[in-house]
Amino acid sequence: MLGAVERYLLDVIERDGAAHLTLIDPESQPPERAGRIAEGAARAGTDAFMVGGSINAAGGLLDETVHAIRRVTSLPVILFPAGVHSLTPHADALFFMSMLNSRDLTYIVGNQMLGAPLVVGYGIEAIPMAYLVVEPGGTVGYVGDARPIPRAKPEIAVAYALAAQLMGMRFVYLEAGSGVSSPVPPEMISAVRGASRCTLVVGGGIRDPSTAESMVRAGAHAIVTGNLVEMREDVEDVETTLAELIAAMKS
Ligand code: 1GP
C-alpha cells in the first residue's frame, strides 16, 4: 500500500495534470526566512515542500528549517537527502533516492544502507526514487561524482528510467542541477515519459513559467523549483513569482 504523501502527490497529478514542489535548502537562509518563503509558496499554490541540499543540510539547521515550514503550512514536507546526515524524523516523508549515474557507490547504495535502519526506526514514509543527474549537473553533479547524462542523449535517460522501474522504484527525478542555466531538455522528458511508468519529477534551473509549462507538456508529472524563490529579496515576491509559474504549468 502506498503511503499518504505518495498517494497525495499522485492525486494532485491526476487532478491538476502536474504537481509543483518547492525545494528549500536549509543552507540558503535562516529557518525563520525559510518559514516565510514556505508561507508565500503555500499561498501561491505549491503542492508540497522538499527540504535538502548538497552541503550542510543537516543537524539543527535541518530540524529547525523543517519545523519552521511545518509551523506555517500543513502541506507535506518531504526530505531530499544528500546523504545519511540529512535525515530527520520531523518530516512527513522522504525521497529514498539512489543516484544511479554516480561513479561513487556511496551515492548509489552506501548512504542508503546506513540510512535505512534510521528511516525504518523513525517510521517515516519512504518514496523510492531514481535520481538521475543530467548535464550540466551543477553542485550535486560534482558532489555526487555523477557521470551526467548528455543533454542530446535522451535514450540514456530512458535506459536508466527503465532500469529504475524494473528495480521497483516508483519515481524518477531528472536533475539538471540547482541554479544551472540549461534545464532538462523537453525531448529528454518526453522520451522518459513515453517509455517508463514511473512518476517523473524534473528540476534544476527552472526560472520562468514557459519553461515549466513546456516541461509539463513534454510529460513531467512534477516540477521542482528552489532557486527561483530563494533568490527573491522580498518574500512577498515569492507568492507572485510562484503563482505565475504554477498557473502556467497547471493550465
Ligand atoms: C535542485 O532541481 C532542484 O535540486 C531545484 O533547482 O534551485 O535551480 O530551482 P533550482
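Predicted model: local features only at pLDDT ≥ 70, side-chain atom pairs only at ≥ 80, totals over all residues.

**Entry 1: the record.** I looked up the unreviewed UniProt entry, and its "binding site" annotation covers Tyr173, Leu174, Glu175, Ala176, Gly177, Ser178, Gly179, Gly204, Gly205, Gly226 and Asn227. Then I checked the largest pocket: from that set, its lining includes Tyr173, Glu175, Gly177, Ser178, Gly179, Gly204, Gly205, Gly226 and Asn227.

**Entry 2: Tyr173.** I found Tyr173 in strand β6. Is Tyr173 buried or exposed? Its relative accessible area is 1%, and buried means under 20%, so Tyr173 counts as buried. Leaving out neighbours within four places in sequence, I listed its contacts, among them Met50, Phe80, Met129, Tyr131, Val201, Gly203 and Val224.

**Entry 3: Glu175.** Glu175 lies in strand β6 too. Glu175 is buried, with a relative accessible area of 5%. Not counting residues up to four places away in sequence, Glu175 touches Phe80, Tyr131, Val140, Val184, Gly203 and Gly204, among others.

**Entry 4: the barrel.** Zooming out, I saw eight strands forming a closed barrel, from β1 through to β8, with parallel pairing. On average, neighbouring strands are turned by 30° against each other, direction ignored.

Entry 5: I picked β7 (residues 199-203) and β8 (residues 222-225), which run parallel and are joined by three bridges. Gly203 has Val224 in β8 as its bridge partner.

Entry 6: Helix α4 (residues 105-122) lies across β4 and β5, at about 155° to β4.

How values were computed: Residues numbered from 1 in each chain as written. Heavy atoms only, no water. Pairing = 2+ DSSP bridges. Helix = DSSP H or I, 4+ residues; strand = E, 2+ residues; numbered from the N terminus. Axes fitted to C-alpha atoms, helices over the stretch in contact; angles between N-to-C directions. Contact = heavy atoms within 4.5 Å. UniProt positions renumbered as here; feature names shortened; annotations may be inferred. 1 Å grid on protein atoms, 1.4 Å probe; cavity = no way out; pocket = protein on both sides within 12 Å on 5 of 7 lines; lining within 4 Å. Buried < 20%, exposed > 50% of the residue type's maximum accessible area, 1.4 Å probe, protein only.
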